[in-house]
Amino acid sequence: MGLNLNDKKAVVAEVSAQVANAETIAIAEYRGIEVGDLTVLRKKARESGVYLRVLKNTLVRRAVAGTPFAGLADQMVGPLIYSISADPVAAAKVLSDFAKTNDKLVLKAGSYAGQVLDKAGVQALASVPSREELLSKLLFVMQAPVSGFARALGALAAQREQAAA
């Protein structure tokens with residue numbers, strides 16, 4: 001059953017709200033995927049904070065019109081699932097990781113920082129570590145000199161205790 005005009009307006013408003021806060025949109029063709037597999041994909045998306053929905057392409061085109069994602073409208077053809085996230089990497093990572101294990105999900109395109117990405121671009125974006133991973137690596141690098149200094153002081157104190165005894 002089709003959507004009536006009010007339902008369509010509500011969908012466009014919902015997608016527009018997601019797009020307004022988004023850094024990245026990734027799209028993939030989902031033809032032939034079983035319902036159980038889509039449920040797993042949706043669960044992974046929720047865990048990653050990604051808005052993931054199967055939507056009518058015309059409604060999404062209206063939602064992205066006038067935004068940095070407007071260039072993606074040319075790629076919106078066929079049965080597509082849309083992945084939208086405020087995290088620059090999460091939307092691409094969710095679809096790309098799932099596509100590695102399920103050959104029926106085919107990455108099609110994406111958009112990041114006003115640039116339209118092809119399949120290879122979406123995969124490259126998905127391979128970038130997430131913000132949390134990068135921050136933890138930075139913190140480790142910043143702590144390394146301090147912890148090394150503390151170990152050296154501890155070893156020096158142990159040597160003095162042995163020399164005094």
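This report walks through a predicted model of one protein chain, from its overall outline to a few single residues.

## The overall outline

Let's begin with the chain as a whole. The protein chain has 165 residues, and 32% of them count as buried. A compact globule with that number of residues would have a radius of gyration near 15 Å, but this chain has 23 Å.

## Helices, strands and their order

How many helices and strands does the protein chain have? The count comes to 6 helices and 5 strands. If you follow the chain from the N terminus, the elements run α-β-α-β-α-β-α-β-β-α-α.

Among contacts between residues at least 6 apart in sequence, 78% join residues at least 24 apart.

In soluble globular proteins, nonpolar side chains tend to be buried together.

In this model, the largest nonpolar core has 21 residues. Leu41, Ile81, Leu95 and Leu105 touch the most other members of this core. The elements that give two or more residues to the core are β1 (24-29), α2 (35-48), α4 (90-101) and α5 (119-127). Which of the elements gives the most to this core? That is α4, with 6 residues.

Not counting residues up to four places away in sequence, Leu105 touches Ala28, Glu29, Tyr30, Ile33, Ile81, Leu95, Phe98 and Ala99.

Now for some single residues. Leu3 lies in the segment before α1 (5-20). Is Leu3 buried, exposed or partly exposed? With a relative accessible area of 35%, Leu3 falls between the 20% and 50% cut-offs, so it is partly exposed. Leaving aside residues up to four places away in sequence, Leu3 touches Lys8, Val11 and Leu59. Leu3 and Met76 are 73 residues apart in sequence, and their C-alpha atoms are 19 Å apart in space.

Val40 sits in helix α2. Val40 is also partly exposed, because its relative accessible area is 40%. From Val40 to Ser130 there are 90 residues along the sequence and 21 Å in space, C-alpha to C-alpha.

Where is Ala113 placed? You will find it in the loop between β4 (106-112) and β5 (115-117). The phi angle of Ala113 is near 55°, a positive value in a residue other than glycine. Ala113 counts as exposed because its relative accessibility is 58%, and the cut-off for exposed is over 50%.

Gly121 lies in helix α5. Why does Gly121 count as buried? Its relative accessible area is 19%, and buried means under 20%. The C-alpha atoms of Gly121 and Ser16 are separated by 24 Å, and these two residues are 105 residues apart along the chain.

Conventions
Residues are numbered from 1 along each chain as its sequence is written. This is a predicted model: local features need pLDDT of at least 70, side-chain atom pairs count only at pLDDT 80 or more; totals for chains, interfaces and linings use all residues. Side-chain values use heavy atoms; hydrogens and water are left out. A nonpolar core is a set of buried Ala, Val, Leu, Ile, Met, Phe, Trp, Tyr and Cys residues joined through side-chain atoms within 4.5 Å. Buried means under 20% relative accessible area, exposed over 50%, partly exposed in between (1.4 Å probe, protein chains only). Helices (H or I, at least four residues) and strands (E, at least two) are DSSP runs, numbered from the N terminus. Contact means heavy atoms within 4.5 Å. The radius of gyration is taken over C-alpha atoms; the globule rule is 2.2 Å times the number of residues to the power 0.38.
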